[in-house]
Amino acid sequence: MCARCAVLAAVFPAAYEMHRNHYERHVIAWFIGGVFAGLAVLLAVHQILQHLIYYRQPRLQKVRDSNIDRPESSPILTFLLVLCFGLLAQHVVRILAMVPIYATNAWFGLRYKSITLYLDVGRDCYEAFVIYR
């Protein structure tokens, strides 16, 4: 948490320094957008990895059924919960993967306006895939 605060505290003085050194506005915007897009990608990748590591362990996830933690819990119930959370984790990972795609799309769109249309098409295709599945 302190590292995120340090990044946020460093962005604004760096942007101000860039403004004082007469950088163009789109370069400053690209710098700020890159910092926040990078932060979003790192957090999303961390969340994706956590879901991929723990998707077969429903005891470590938030489960509404409190019977899963009891030793007298049915093995069939445990199997079904593991199966359901495994299938659910696939959808969660697909949705979480939208964050890096949107962040990089927006960041490259700031700098390379000529290829924005192609980036948007790719982003929209992935979004349609996630919604369809």
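Q: Helices are DSSP runs of H or I with at least four residues, and strands are runs of E with at least two, both numbered from the N terminus. How far apart are Glu17 and Arg20 in helix H1?
A: Glu17 and Arg20 are three residues apart in H1 (residues 2–20), which means that about one helical turn separates them. The model is predicted, so local features need pLDDT of at least 70 and side-chain atom pairs count only at pLDDT 80 or more, whereas totals for chains, interfaces and linings use all residues. Residues are numbered from 1 along each chain as its sequence is written, and side-chain values use heavy atoms, leaving out hydrogens and water.

Q: What joins the side chains of Glu17 and Arg20?
A: A salt bridge, at 3.5 Å from N to O. The term requires a side-chain nitrogen of Lys or Arg within 4 Å of a carboxyl oxygen of Asp or Glu. By this rule there are three salt bridges.

Q: Changing topic, where is confidence lowest and where highest?
A: By pLDDT (the predictor's confidence in each residue, from 0 to 100), helix H3 (residues 75–96) is lowest with a mean of 68, and H4 is highest at 93. The chain has a mean pLDDT of 79, with 71% of its residues at 70 or more.

Q: How do H2 and H4 pack?
A: H2 (residues 25–54) and H4 (residues 98–111) pack at about 170°, with their axes 9 Å apart. Axes are lines fitted to C-alpha atoms, for helices over the stretch in contact, and angles between N-to-C directions run from 0 to 180 degrees.

Q: Why are H2 and H4 called roughly antiparallel?
A: Angles over 145 degrees count as roughly antiparallel, under 35 as roughly parallel, 65 to 115 as roughly perpendicular and the rest as oblique. H2 and H4 are therefore roughly antiparallel.

Q: Which residues meet there?
A: Among them are Ala29, Trp30, Gly33 and Gly34 in H2, and Val99, Pro100, Ala103 and Trp107 in H4; contact means heavy atoms within 4.5 Å. By class, this contact has eleven nonpolar residues, three polar and one charged. Ala, Val, Leu, Ile, Met, Phe, Trp, Tyr, Cys and Pro count as nonpolar, Asp, Glu, Lys and Arg as charged, and the others, including Gly, as polar.

Q: And how do H4 and H5 pack?
A: H4 and H5 (residues 116–132) also pack at about 170°, with their axes 10 Å apart. They are therefore roughly antiparallel. The H4 residues in this contact include Tyr102 and Phe108, and those of H5 include Leu119 and Arg123.
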